[in-house]
Amino acid sequence: MEWVDTHLWTIPLMPLLGVLVHIFLGGTLGKKLVGILACLLVFISFGLSVVVLLRLLELPAEERHLLDNFLPWIRVGAFSADWAFRADTLSAVMLLVVTGVGFLIHVYSTGYMHDDPKYIRFFAYLNLFTFSMLVLVLASNVFLMFIGWEGVGLCSYLLIGFWFHDLNNATAGMKAFIVNRVGDWSFLCGVLLLFWSLGKYTGTYTVDFYEINRLAPELPAGIALAVGLLLFGGAAGKSAQIPLYVWLPDAMAGPTPVSALIHAATMVTAGVYMIARFSGLYLSAPDAMMVVATVGALTALFSATIALAQNDIKKVLAYSTVSQLGYMFLGVGVGAFSAGIFHLMTHAFFKGLLFLGAGSVIHGLHGEQDLRRMGALKSKMPWTWLTFMAAWLAIAGFPGLSGFFSKDEILWQAFSSEHGHWALWLVGFIAAGLTAFYMTRLVVMTFYGESRWPEHAHPHESPRNMTVPLAVLAVLCVIGGYVGVPAILHGANYFEHWMEPAVTWAAGHGGAEAAEHAAELGSHGLEALLMAASVGVALLGIGIGWWMYSRRRDIPEAAFQRWPNLYRWVLNKYYVDELYQWLVVDNLLRLTRLSGRFDLAVIDGAVNGSAWLTERVSAISGWIDNTFVDGAVNGVAEVTRAAGGRLRLIQTGRVQQYLTFAAAMVAIGVAGIILWPSIQPWLAELWSGAI
Amino acid sequence: MIPATHILAVGAALFCLGLFALLSRRNAVAVFMGIELMLNAANLNFVAFNQARPEALDGQVAAVFVIMLAAAEFAVALALILSLHQMFHCVHLDEADEMKG
Amino acid sequence: MNLTYLAFVVMSAWVLLAALYVVTTRNVVRAAYGLLAALFGIAGLYVIFAADFLAAVQVLIYVGGVNILIIFGVMLTEHLGRVPFRLVNFNLFPALAACALVAFALVLGVLIYPWPESAASYAPTSARIGQMFLTKYLLPFEVASVLLLVVLIGAVAVARKEVRDE
């Protein structure tokens, strides 16, 4: 399996091939072949990723790191940034998630998009998305990562606005793109500052991640903090954290498989991955980590509250995604990089499944997305229901399912890590309860209770190529967590040890220290207590949600009626979009209008003013002409007029004539300058002679 | 070796030929050909000057910039010629003497 | 008279004759082909002056790009096969006079100023030119790329606008 050491580039090549084939040969191949080819190529990538994993397993733990430098790119002096892919334990996990979940979503899309007229283009975009994401996770240096980073941004724009004939969808695509640009700007500033300061303070210009992480402790604290914050700005844009999360809920405008791909497996995880990639840098900037963790925790809580009141099934899932991403940032922010990536992985399973399941429901109900017009779908869509159950319990943190292990790991690290704090734990804890509650609400309103869909809707189960991916993801939801069973449950926490080589740096290492820290606290008991608490709050959320929405629908109704303003506030997402509209967009428009008016008033005014001035001057000169020149001797007037007439002849409007004069004058001038030394004595003599 | 004055003389002759085309031809495309000749004459001089100090390549770099500018200039020129053609239905510069089309 | 000088004389004669043809021929299409010959000749001169990179650029951009554009320009605007009645504008004699003046100034300059003699070296230049672009001339280089972008957009804008008006 050494073969793969020098052939990492084949992994992204597969989807890229797909893009080219779909674009240039798609029409000839036909829909069916394009669908099969798209899935097959991603599956080959998945197979290659598995080979990478096996190859890494062959190596001893400290050497689990393949570098394939296959194409020189930028080389100036000692500096080099090449097309080089690196597979270490971190990128191997990402590879498997991206290609694995991505493959299932491709298969699902062949069913979901079956009747769409732009089917071929859709698969070209999907493959391009997978390609960009693979470049992003495999990149060994920042520049190459930036290519993938921008690539997923572009693809998200293309896919969110896929049904662009509806203005809302096109606007949502643009919103995602523009908000991402804000983050990208911050990211780029961070990269440039990092590059510059590394050169200045360590004498090495480098963009390689391992080099950066190794050299980061030598940076001054202030610069490391600034770089960390700027990079986090980029991550916040891509991974939808406060204050740049606003694009993600609108991104639901795209086809549902796109939502699953963007929000589960690929794009939004890029930010978390990037922070984990820069783990050495962040470990040497503890204040930046504090900011990351705080923003993550607040986002988790904030968007969980918004999700409570949404009525669109995809909107609930969107805010839930934002909230879960907040968890991941909480994890990486307290130094538990492996826990963050672990949650990223399990989240890819259950959120991918939730989106695909929601898509199946929407498909079955002919495009209905409003929870208030669903219900009682359990018997109509048994497969969708069954798989949805697994995802629901996983995200709610039901003991034994994947979400439970990863979420609990993050919460425990948030409490016990040296970068953690009990307040962070508390915020995450509350958000966990809310998550269980709103997910239960979603499930009850979709699958249980009385049917609220119109009579003629005839909901039906989705075709096989949609339910099979659901089933696979459901299995992963259930068993995916057992790679990271914590020590307290007598597990080996295999995942954490696996991740260790990729996140351990001179500045400290993520993850494992928490265990030592805990040992110092002497608090296995405390860990058990916290775990019990989070299980309790999850069960409590599920219980209350179930009771409220299946038995006592009147309670939420009464609550809404009791506090209508609060309800409206939450329903309208705290008016953050309106705030941004008022604060940023309107001001920008005002600025545009102002500069337009400036143009009209000042610039045009200056032009008009000078015209007016000329007119006045010419009026005055005309007056002078009339009074003095006409009053003077006729001959003078004649001479003036004649000269004017002659001079007018020069103004023919023929450019070449002007040019002729210009050339002649320049030639005379140049000749004069050259000849000046020889003319000058002669002139001087003439002058002295004259005197 | 080639005396510098000879290279410069060739450049000067080329420049004058180009200038003549620029000043006297009616067809806008022919005028631009004249401009290209003049730019090439200037480039020839740059290279000739560079020959005096072969260890420094500033003259050749300048020539590359001139070539780049010439390409850009002709792209714009072609656009102008096309819109001129649309406006006057010919590209004779002595007939295009109105200030506003 | 050594061989290099001989090559220089032959090449210069070639360039000047081609340029003369460009300037005097009545047919614009022929002028374009004459220009092609002249530009090739100048690339040859660059080779004689040991400017290998420049010669390649000359062939690629001038011969391959600009000249093709010129031929495009001729084809798009000229009614082929019809030689115009009047080749030169009203401006022939003033133009000749101006050219004579410019030639006079140039000859003066060439003769009077003590130009440094060339010390040709035949080292390859491409790598060093590339390095100068990324070091000493980085700013002009970047400005040039912005300029090219502006030209790209500007050319489209200029060429399109009138179509929409009609």
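In this predicted model, the contact between chain C and chain B takes 73 residues from chain C and 59 residues from chain B. On the side of chain C that touches chain B, at least two residues come from each of α1 (3–24), α2 (28–48), α3 (52–77), α4 (92–112), α5 (126–134) and α6 (138–165) of chain C. The element that gives the most to this side is α3(C), with 15 residues.

Chain C is built with six helices and zero strands, and its elements, read from the N terminus on, follow the order α-α-α-α-α-α. Chain B has three helices and zero strands, and its elements run α-α-α from the N terminus on. The table sets out some values for these two chains.

| Chain | Residues | Counted as buried | Mean pLDDT | Residues with pLDDT of 70 or more |
|---|---|---|---|---|
| Chain B | 101 residues | 60% of residues | pLDDT 84 | 92% of residues |
| Chain C | 166 residues | 30% of residues | pLDDT 83 | 87% of residues |

In chain B, among contacts with a separation of 6 or more, residues 24 or more positions apart account for 46%.

The confidence of the prediction can also be followed from element to element. In chain C, the mean is lowest in α6(C), at 82, and highest in α1(C), at 91. Among the elements of chain B, helix α3 (residues 58–88) of chain B has the lowest mean pLDDT, 87, while helix α1 (residues 4–24) of chain B has the highest, 91. For the model as a whole, the scores are ipTM 0.87 and pTM 0.68.

**The nonpolar cores**

Which residues have the most contacts inside the largest nonpolar core? This core has 207 residues, and those with the most contacts inside it are A:Ile275, A:Leu330, A:Leu353, A:Ala391 and A:Cys477. The core draws at least three residues from each of domain 1 (1–140) and domain 2 (161–572) of chain A. If residues up to four places away in sequence are not counted, A:Ile275 touches A:Phe232, A:Ala235, A:Tyr282, A:Val292 and A:Val332. A second, separate core has 85 residues, and it includes B:Leu14, C:Val28, C:Ala32 and C:Ala50.

**A hairpin in chain A**

In chain A, strand β1 (residues 65–76) and strand β2 (residues 79–88) run antiparallel and are joined by nine bridges. Within this pair, A:Arg75 stands opposite A:Ser80 in β2(A). The hairpin of β1(A) and β2(A) has two residues between the strands, and in this hairpin A:Gly77 takes a positive phi near 60°.

**Backbone details in the loops of chain A**

The loop between α8 (221–238) and α9 (247–250) of chain A holds A:Pro243, and a cis peptide bond, with omega of about 5°, joins A:Ile242 and A:Pro243. A:Ala240 has its place in the loop between α8 and α9 of chain A, and it has a positive phi of about 55° although it is not a glycine.

Another positive phi, near 60°, is found at A:His366, a residue other than glycine. A:His366 lies in the loop between α15 (337–364) and α16 (382–396) of chain A.

Is A:Ala240 buried or exposed? A:Ala240 counts as buried because it has 32 C-beta neighbours inside 10 Å, and the cut-off for a buried residue is 20 or more. A:His366, for its part, counts as partly exposed because it has 13 C-beta neighbours inside 10 Å, whereas a residue with 12 or fewer would count as exposed.

Technical notes:
Residues are numbered from 1 along each chain as its sequence is written. Chains are lettered from A and ligands numbered from 1 in the order in which they are written. This is a predicted model: local features need pLDDT of at least 70, side-chain atom pairs count only at pLDDT 80 or more; totals for chains, interfaces and linings use all residues. Helices (H or I, at least four residues) and strands (E, at least two) are DSSP runs, numbered from the N terminus. Two residues are in contact if their C-beta atoms, placed from the backbone, lie within 7 Å. pLDDT is the predictor's confidence in each residue, from 0 to 100. A nonpolar core is a set of buried Ala, Val, Leu, Ile, Met, Phe, Trp, Tyr and Cys residues joined through C-beta atoms within 7 Å. Domain bounds come from an automatic or database domain assignment. Two strands pair if DSSP finds at least two bridges between them.
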